[in-house]
Amino acid sequence: MSIIYLSEESVLKQRSWQRSWQRSDSLILLIFIGWLGWTAAVWQRAPWLTHFDTTVANFWHHSPQWFQHAMVTYTQLGNPHTITIITLIIGLALWLGHNPRGAVFFWVTTWLIAGYGNYLIKQVIMRPRPTAWRLVQIGGYSYPSGHSTTTTVLIGSLLVLAFDYWHRNALTGWLTALGITAILLMMISRVIVGVHYPSDTIGGLLLGSVLLYISARFSTRYRHGPLRLRP
């Protein structure tokens with residue numbers, strides 16, 4: 001009887017997980033479609049998007065000086081060299097904490113999937129950066145914001161691992177709130193320093209969310225435990 005009960009319980013859990021993934025798949029599909037529409041508006045230089053960018057950028061460019069100075073410092077955390085160092089340190093901490101698979105997931109998702117995914121889209125869209133207002137200097141194309149994409153994926157990957165360990169509780173709730181705040185501040189900082197349009201940062205957020213979900217979705221069974229090489 002106990003074996004039958006455990007078998008039925010495992011089946012119910014599996015069905016519950018399947019329904020949960022189906023809902024999440026539907027949501028991420030909507031986000032992806034939204035990102036495609038947003039990207040198309042950027043590509044076509046839609047008048048409503050230009051108005052949106054101008055209005056939002058002007059608002060942040062008139063923010064208090066102390067806040068602008070803080071954002072100039074904060075935005076440096078999203079620079080490629082800084083992100084590389086941060087990702088390396090966190091990944092090593094996961095590896096030394098007996099979760100090398102988690103480290104590999106974190107490295108691959110942040111370095112490869114986010115980095116190259118963002119780069120490829122930039123080369124396709126080739127949107128010039130804004131030039132009317134600059135607090136820092138940078139080259140390259142504007143859409144989508146690499147800082148926004150990478151920060152979304154980096155923080156999101158850590159939240160995925162946190163939920164794997166602690167599931168949904170007060171701690172993961174606070175970590176999620178802090179993570180969302182950090183991502184939003186990075187998006188704002190890119191507008192304040194004048195190297196991105198607001199639409200660039202939103203495009204980066206949406207793209208990062210889709211890339212993170214794909215990585216998390218297909219690595220669910222492989223994110224924890226030691227690395228074992230089969231003979």
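Select Ile83, Thr84, Thr87, Leu88, Ile90, Gly91, Leu92, Leu94 and Trp95 in helix 4; they meet Pro100, Gly102, Ala103, Val104, Phe106, Trp107, Thr110 and Trp111 in helix 5. Contact here means heavy atoms within 4.5 Å. Colour these residues by type: 12 are nonpolar, 5 polar and none charged. Nonpolar covers Ala, Val, Leu, Ile, Met, Phe, Trp, Tyr, Cys and Pro; charged covers Asp, Glu, Lys and Arg; the others, Gly among them, are polar.

This is a predicted model: local features need pLDDT of at least 70, side-chain atom pairs pLDDT 80 or more, while totals for chains, interfaces and linings use all residues. Numbering starts from 1 along each chain as its sequence is written, and side-chain values use heavy atoms, without hydrogens and water.

Helix 4 and helix 5 pack at about 165°, their axes 7 Å apart. Axes are lines fitted to C-alpha atoms over the stretch in contact, and angles run from 0 to 180 degrees between N-to-C directions. The two helices are therefore roughly antiparallel (over 145 degrees).

Now zoom out to the whole protein chain. It holds 8 helices and 0 strands. Helices are DSSP runs (H or I) of at least four residues, and strands (E) of at least two, numbered from the N terminus.

The accessible area is about 14,000 Å², with 70% belonging to carbon and sulfur atoms; it comes from the Shrake-Rupley method with a 1.4 Å probe. Of the 231 residues, 41% are buried, meaning under 20% relative accessible area.

Definitions and conventions:
Buried means under 20% relative accessible area, exposed over 50%, partly exposed in between (1.4 Å probe, protein chains only). Angles under 35 degrees count as roughly parallel, over 145 as roughly antiparallel, 65 to 115 as roughly perpendicular and the rest as oblique.
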